[in-house]
Amino acid sequence: MKVRRYYKRQRKTAACGQALLRVSLSFAAGAAAAVFVFIKYGFNCTWLSDCLNAGSVPAVFASCVLLDLAALFASTSILGDVLVPFTSFAAGGAVALQSASIISAGAGVISRKMLFSVFIPSAITLPLFFIVACHGILFSGLIESCQDIHLRRDAAARLAVYGTFSCIMAFAAAEYICRLLPVII
């Protein structure tokens, strides 16, 4: 009689979960670094909110989509494992500096202004940035490990769809900032 041996497979964290963890940690580190620099050196960032409020739709769209496109293009190389978290670090710093610029503007209607000018556009653009960044890390890993061309092609198509949807939502955020935000505030 043949003895069958069953080996218990070790559970590994899903690749997407690891990518999300790396992107989230680098985003949080970027936000913490920006806040630390803001507190340490006492910057007055009112110019940032003035630029966003006085910008045209194409200029604001470029600022909304810049980090998404950087994550998308960084994921197409074998250095995407390093470049995409660096882009996430920059995105965390940008969101923290936008919040700091509104807080440093004065004691007026800070909570309402911050809600409408930072949190709502961030709620529109950041989830898609995280999706693009996570799938960008996974796609970069596929390129680095020389996976099958069909597997890479499917992952590239998925990444292109997420990138396109991210650009559409960045345009929606730019329209919100340029058209609705001055009416609300």
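Rings of Phe, Tyr and Trp (for Trp, its six-membered ring) are taken as a pair if their centres lie within 6.5 Å, and planes under 30 degrees apart count as stacked, over 60 as edge-to-face and the rest as tilted. By this rule, two aromatic pairs are counted. The rings of F129 and F130 have planes at 75° and centres 6.0 Å apart, so this pair is edge-to-face. Ring pairs join F27, F129 and F130 into a cluster. F129 and F130 are both buried, where buried stands for under 20% relative accessible area, exposed for over 50%, and partly exposed for what lies in between (1.4 Å probe, protein chains only).

A word on the basis of these values is in order. The model is predicted, with local features requiring pLDDT of at least 70 and side-chain atom pairs counting only at pLDDT 80 or more, while totals for chains, interfaces and linings use all residues. Residues are numbered from 1 along each chain as its sequence is written, and side-chain values use heavy atoms, with hydrogens and water left out.

Turning to the overall fold, the protein has six helices and zero strands, and its elements follow the order α-α-α-α-α-α from the N terminus. Here helices (H or I, at least four residues) and strands (E, at least two) are DSSP runs, numbered from the N terminus. Of the 185 residues, 34% count as buried. A contact requires heavy atoms within 4.5 Å; among contacts between residues at least 6 apart in sequence, 80% join residues at least 24 apart. The accessible surface comes to about 11,400 Å², and carbon and sulfur atoms account for 69% of this area. Such areas come from the Shrake-Rupley method with a 1.4 Å probe, and for residues only the protein chains shown count as cover.

The interior can be described through its nonpolar cores, each a set of buried Ala, Val, Leu, Ile, Met, Phe, Trp, Tyr and Cys residues joined through side-chain atoms within 4.5 Å. The largest of these has 19 residues, and V23 and F129 have the most contacts inside it. Two or more residues come from each of helix 1, helix 3 (57–74), helix 4 (80–103), helix 5 (110–144) and helix 6. Helix 5 gives the most to this core, with nine residues. Apart from this core lies another, of twelve residues, among them V60, A173, A174 and I177. Residues up to four places away in sequence aside, F129 touches L67, D68, A71, T87, S88 and A91.

S75 lies in the loop between helix 3 and helix 4 and is buried, with a relative accessible area of 0%. Beyond its neighbours within four places in sequence, S75 is in contact with G80, V84, G136, F139, S140, I143 and L159. S140, in turn, is placed in helix 5 and is also buried, at a relative accessible area of 0%. Not counting residues up to four places away in sequence, S140 touches S75, S77, I78, L79, G80 and D81.

On the charged side, a search of the whole structure finds one salt bridge, defined as a side-chain nitrogen of Lys or Arg within 4 Å of a carboxyl oxygen of Asp or Glu. The bridge joins E175 and R179, with the closest N and O atoms 2.9 Å apart. These two residues are four apart in helix 6 (residues 149–184), and are therefore separated by about one helical turn. E175 is partly exposed, with a relative accessible area of 23%, whereas R179 is exposed, at 52%.

Finally, F36, V37 and Y41 make a nonpolar surface patch of about 330 Å². Patches are made of residues with over 30% relative accessible area and no salt bridge, with like charges joined within 9 Å and nonpolar side chains (Val, Leu, Ile, Met, Phe, Trp, Tyr) within 5 Å. Y41 belongs to helix 1 (residues 15–41) and counts as exposed, with 55% relative accessibility.
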